[in-house]
Amino acid sequence: MRFIYTKGFLIFVSCLAALSLLVIFEAKGWVGPLKLALLKAPQPVVSVFSSVARPVKGFFSTAYRLQRLVSENARLEQKAGELSRQLVLLEQYRIENEALKRELGFAKSSGLSLAPCRTLGRNPLRLSDTVTVSCGTEQGVAEGHALISQGYLIGKVIYAGKDTSTVLLVTSSRFSTDAKLSKSGAPGIAGGSFGTGLVFDRLSQNEPVEKGMLVVTAGLSEKVPKSILIGEVGDTISGPNDLFKKTVLVSPVDFSNLDFLFAVKVP
Amino acid sequence: MKTFLYLAAAFLAFCLTEGVLSFFPVFGAVANLGLLVTVVFALEKGSRDYLPAALLGGLLLDVSSGVHFGSFTFAFLVTGALVQLAVSRVLAAELTWRWMAGAVACAVALSGGLVFYYNRALFALGVSTLDLDGRILRSHLLPEIAVSLVLLYPVYFSVRILKDYVASLSVKRHAPNR
């Protein structure tokens, strides 16, 4: 009997037809509850497995990085001292600034409007540099909105469902956002790069850049507010003859281990 | 009962992938236990047992991976069907470990390609907002094949134990009353 006349083939085609229907329903936004159920159902078992796997991974990665951690600790202690001194100075500036604002009648800045989200899908196969989070249009999240973790930009929403959203991480080579150097305001583009992680590109060659300078969002996009921290400038990877300057950006966020995030809502 | 147990196997495979294997990537690649289970089920001549595993394993990966809905389900179904077709219609000799290793390597490459082109097609049609980077897929291919081959043995024996258990349940049910 030919394969296409077998019962197995008929069932296979029926499965494909059912899948096609699901894909059409998904485009119409009707499979939200099914997706949420599929995301939440494995969570209890996954968290049990993770609670065992995470410490094991932590132990081996700590042992591997022990040498580097010692020197990093010394460097961070030095930096912490320096930052404490800066903090005192900034506190003085803040008090001075508050007083000046009151004098000039400025309204108190409202800050960012944030929606707390939890990572539901951790993208186990790491094919797409995306994560699925537990907030959607019901929580006021829309496509293009930024997500932050530990105060750093981690990505933008590329698909917003009713209760879940898919976030494209800043490390993806498909990600880019307008950015600027916090110190000088020099504009550029921050984005992901295959093999490098995060980069700050399209910066003028004449612009002086030093390691450790902070890069923040420029606020040109309507959906991403300005001054969200993206990372610190690392090594310069462009040559002096290149049209633009390009540097590595260093973010302290562990993008493979995101748990709690905040979506920055823009009305 | 049989289908329920196979769905449970696919569910457990997904939980192990997300809860354990995703913490230990090899050159960035993580073994896809859902695909391995589907392929091992499909390696039995004339069996349709791969279908529940492909459906549930694919759907779970679809929602957690951020790719367009249906990517992994489509890839698992087609890969499982092709492995089943090859085993039933092409392979005349007895199934050996060498054949199984070849089937797994081909299945990993094929399913990766199917996921990529499925998403590419939907992105080109304007249905999906995610354009997958083919370089990630290429860089993951060889390590993923390697880790899948390492895990083939334990997965094959786990599936064998499950199938024997299902067969014993079936024998008990059909045994004549004394």
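Colleague: In this predicted model, at roughly what angle do the axes of α3(B) and α4(B) cross?

Modeller: Two packed helices are described by the angle between their axes and the distance between the axes. For helix α3 (residues 50-65) of chain B and helix α4 (residues 71-90) of chain B, the axes come within 6 Å. The crossing is right-handed, and its angle is roughly 150°.

Colleague: Are α3(B) and α4(B) roughly parallel or roughly antiparallel to each other?

Modeller: Angles over 145 degrees count as roughly antiparallel. The axes of α3(B) and α4(B) cross at roughly 150°. The two helices are therefore roughly antiparallel.

Colleague: How many charged residues does the contact of α3(B) with α4(B) have?

Modeller: On the side of α3(B), the contact includes Y50(B), L51(B), A54(B) and D62(B). On the side of α4(B), it includes F72(B), F76(B), G80(B) and Q84(B). By class, there are ten nonpolar and seven polar residues, and the number of charged residues is one.

Colleague: Is α2(B) roughly parallel or roughly antiparallel to α4(B)?

Modeller: The axes of helix α2 (residues 33-42) of chain B and α4(B) come within 8 Å and cross at roughly 30°. Angles under 35 degrees count as roughly parallel. The orientation of α2(B) relative to α4(B) is therefore roughly parallel.

Colleague: Which residues of α2(B) make the contact with α4(B)?

Modeller: α2(B) passes α4(B) in a right-handed crossing. From α4(B), the contact is made by F76(B), T79(B), G80(B), V83(B), Q84(B) and V87(B). The residues of this contact divide into six nonpolar, five polar and no charged. From α2(B), the contact is made by G34(B), L35(B), T38(B), V39(B) and A42(B).

Colleague: Are α2(B) and α3(B) roughly parallel or roughly antiparallel to each other?

Modeller: The axes of α2(B) and α3(B) come within 8 Å and cross at roughly 165°. α2(B) passes α3(B) in a left-handed crossing. Angles over 145 degrees count as roughly antiparallel. The pair is therefore roughly antiparallel.

Colleague: Which residues in α3(B) meet those in α2(B)?

Modeller: The contributors from α2(B) are V37(B), T38(B), F41(B) and A42(B). The residues of this contact divide into six nonpolar, one polar and no charged. In α3(B), the residues that take part are Y50(B), A53(B) and A54(B).

Colleague: Which residues of chain A does S22(B) touch, not counting residues up to four places away in sequence?

Modeller: S22(B) is found in the loop between α1 (2-19) and α2 of chain B. With a relative accessible area of 8%, S22(B) is buried, because buried means under 20%. In chain B, S22(B) touches T17(B) and V30(B). In chain A, S22(B) touches P124(A) and R126(A).

Colleague: Which residue of chain B is in contact with L168(A), leaving aside neighbours within four places in sequence?

Modeller: L168(A) lies in strand β5 (residues 165-169) of chain A and counts as buried, at 8% relative accessibility. Its contacts in chain A include S128(A), I154(A), R174(A) and F175(A). The contact in chain B is L130(B).

Note on methods: Residues are numbered from 1 along each chain as its sequence is written. Chains are lettered from A and ligands numbered from 1 in the order in which they are written. This is a predicted model: local features need pLDDT of at least 70, side-chain atom pairs count only at pLDDT 80 or more; totals for chains, interfaces and linings use all residues. Side-chain values use heavy atoms; hydrogens and water are left out. Axes are lines fitted to C-alpha atoms, for helices over the stretch in contact, and angles run from 0 to 180 degrees between N-to-C directions. Helices (H or I, at least four residues) and strands (E, at least two) are DSSP runs, numbered from the N terminus. Angles under 35 degrees count as roughly parallel, over 145 as roughly antiparallel, 65 to 115 as roughly perpendicular and the rest as oblique. A crossing is left-handed if the near helix is turned anticlockwise from the far one by less than a right angle, and right-handed if clockwise. Contact means heavy atoms within 4.5 Å. Ala, Val, Leu, Ile, Met, Phe, Trp, Tyr, Cys and Pro count as nonpolar, Asp, Glu, Lys and Arg as charged, and the others, Gly among them, as polar. Buried means under 20% relative accessible area, exposed over 50%, partly exposed in between (1.4 Å probe, protein chains only).
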